[in-house]
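Hello,

Here is the structure we spoke about handing over. Please look through it first; my notes on what was found follow below.

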Amino acid sequence: MAQQGGLSPEAAEFDPRRTDDDSPPGFFSGRLPRQLRQPRYMPKHFFSDSLRSRNRANPPAQAPLQGNGNGGITPAGAFDPFVTTPTPMTPGAVGPVSANPYSHDPTGAMGGAFFASQTGFQQPIQYHLYAPIGPHSQNTLGYQRNVHDLFIPNDLREELQKKSAATLQTLPNTQLPAQVDYFHSLVPLDLNHQKNAATFGYPSWIYKAQSSKDGTFYALRRLEGFRLTNEKAIRSVQAWKRVCNASVVTIHDAFTSRSFQDSSLIFVTDYHPLSKTLADQHLSAGTRFPGRHTNAHIPEQLLWGYMTQIANGLKAIHGNGLAARVLEPSKILLTAKTRVRINACAILDVVQFDNQRTVADLQRQDLVNFGQLIVTLGANTPTVAHNPTKAMEHFTRAYSSQLKNSVFWLLNGLQKDQERTIDTFITGISSQLMSTFDSALHLDDQLNSDLARELENGRIARLLSKLGFINERPEYELDPRWSESGERYFLKLFRDYVFHSVDSQGDPVVDLGHVLTCLNKLDAGTDEKIHLVSRDDQSSFIVSYKEVKKALESSFQALMKPARRMH
């Protein structure tokens, strides 16, 4: 019985008397030629003269149709890598040895059946194409799914496309220098044009730029009007290059430059497109009306997530004998929905290089700044230092006692009544670390599931590329009919079957599901047979996807071989 997408492998008889009305939509329409109306149809040869001569020597009735590169038919008894016959085991064995299709060792059991001819076409493992992987939030039936279920979600695709567009954004007719050391194509990233020297003591600006060394985009933070008086100060950045942590923005280089018509200090860090600071995201400084304060508090679980990530970054920084020194809402980047990174590190190490404070004191100050940061976010006010009592009242009413006690412990970081380190703090919030870690694992599963939807796209693209190289090729090796002869001919017919099918009314079948199904079966090389008919109804084939795949591979290998030069 005919099925959509091809004939059933069990269909032994071919009945040409069947009318077009019996054909399913998108299969085959048009009456067969009179000369093909016979009780049983078996393809006996290809169309080229060389193939006919070889078919007379090896009748195709002895073996199925094979596209083995030279157009010949595999004689009976010859080795076929697609047909593996079990071989008996040694005497006393219970049964035959079955081949292991997942074994990549050609010397293993039945290795010769799969690896006998490494230069010829090999049948790969028939993987489960588009198998559902990862979490499943909805129990949808087959007819309730659509084509979007085969690809990544639209919101994730839109986010990635926006980040890509922001990365490639340029600024024409700019007054910025065309070249800053080995960086070019500068684009300002600051949301305001007001000079602010409160954090570093110098007005700072940040730009996106592309490196002429590796072509990668970086963020350049510029300190305006800084004059380097000690060469050892800028060498302190070398220690920050060893800090490799997912919660810290990586620092790559630091140098002085006069490209901005002044003496500037430039820090080179990773560029995270479309990232915002926590001040822009949560505080009133990033709202439409800066003078008004909203009463909406950050959810406690989100605040715990921020705390665990910042603690992770501080642990890496303190573990390298350094101190962050800058923990402010305007210097913590929000690079994803709940993903934060500590930014603007190493700057004060250069600017305040002559400061005599020890690293231990600076690390304890990091704990205090960490606590003030959490209070600032929880109380939703950027002026905690001006009225800390009122901010703590708001914070205490909104959050649990565990969060309140953790923040109090951080705020007392300068006291020496007990050992106060970031490791001690992480031990105290271990339960929340497990919650954040569990959320990260769920996100990892979701991203793997989204990635699995795009897994087969590369394989489909390679198949389409190979078909495009072969089909309608005007000439190859001085043969203008190369793409129309031999096994390349039914590759052309297969292209028509996949993309140019019509229904019983003669209307085009525009069905992406049909295209993906056919290409996946071709990639897997299944034994399912399909009916291919030429456009003039004068030629007809019944071939399997495995035979089409062998023809595709052998034709593509013919294109890959070195061309014969005519002397």
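To begin with Asp181: this residue is partly exposed, because its relative accessible area is 47%. Please keep in mind that the model is predicted. Asp181 sits in the loop that runs between β3 and β4 (183-188), and its phi is positive, about 55°, although the residue is not a glycine. Asn173 likewise is not a glycine and has a positive phi of about 55°. Its place is the loop between α3 (154-167) and β3 (179-180). With a relative accessibility of 79%, Asn173 counts as exposed, because the cut-off for that is over 50%. As background, most residues other than glycine have a negative phi.

Next, the sheet. Three strands form an open sheet in the order β9-β10-β11, and their pairing is antiparallel. β9 (276-277) and β11 (340-342) are the edge strands, each pairing on one side only. Between β10 (residues 332-334) and β11 there are three bridges; in one of the pairs, Leu333 has Arg341 of β11 as its bridge partner. Helix α7 (residues 300-319) packs on this sheet, where it touches β10 and β11, and its direction makes about 30° with that of β11.

Last, the cores. The largest nonpolar core has 61 residues, of which Leu303, Ile310, Ile317, Phe370 and Phe425 touch the most other members. Helix α7 gives the largest share of this core, eight residues. Beyond its neighbours within four places in sequence, Leu303 has contacts that include Ile298, Ile374, Phe395 and Leu403. Another core, of 28 residues, lies apart; among its members are Phe494, Leu532, Phe541 and Ala558.

Regards

Definitions and conventions. Residues are numbered from 1 along each chain as its sequence is written. This is a predicted model: local features need pLDDT of at least 70, side-chain atom pairs count only at pLDDT 80 or more; totals for chains, interfaces and linings use all residues. Side-chain values use heavy atoms; hydrogens and water are left out. Two strands pair if DSSP finds at least two bridges between them. Helices (H or I, at least four residues) and strands (E, at least two) are DSSP runs, numbered from the N terminus. Contact means heavy atoms within 4.5 Å. Axes are lines fitted to C-alpha atoms, for helices over the stretch in contact, and angles run from 0 to 180 degrees between N-to-C directions. A nonpolar core is a set of buried Ala, Val, Leu, Ile, Met, Phe, Trp, Tyr and Cys residues joined through side-chain atoms within 4.5 Å. Buried means under 20% relative accessible area, exposed over 50%, partly exposed in between (1.4 Å probe, protein chains only).
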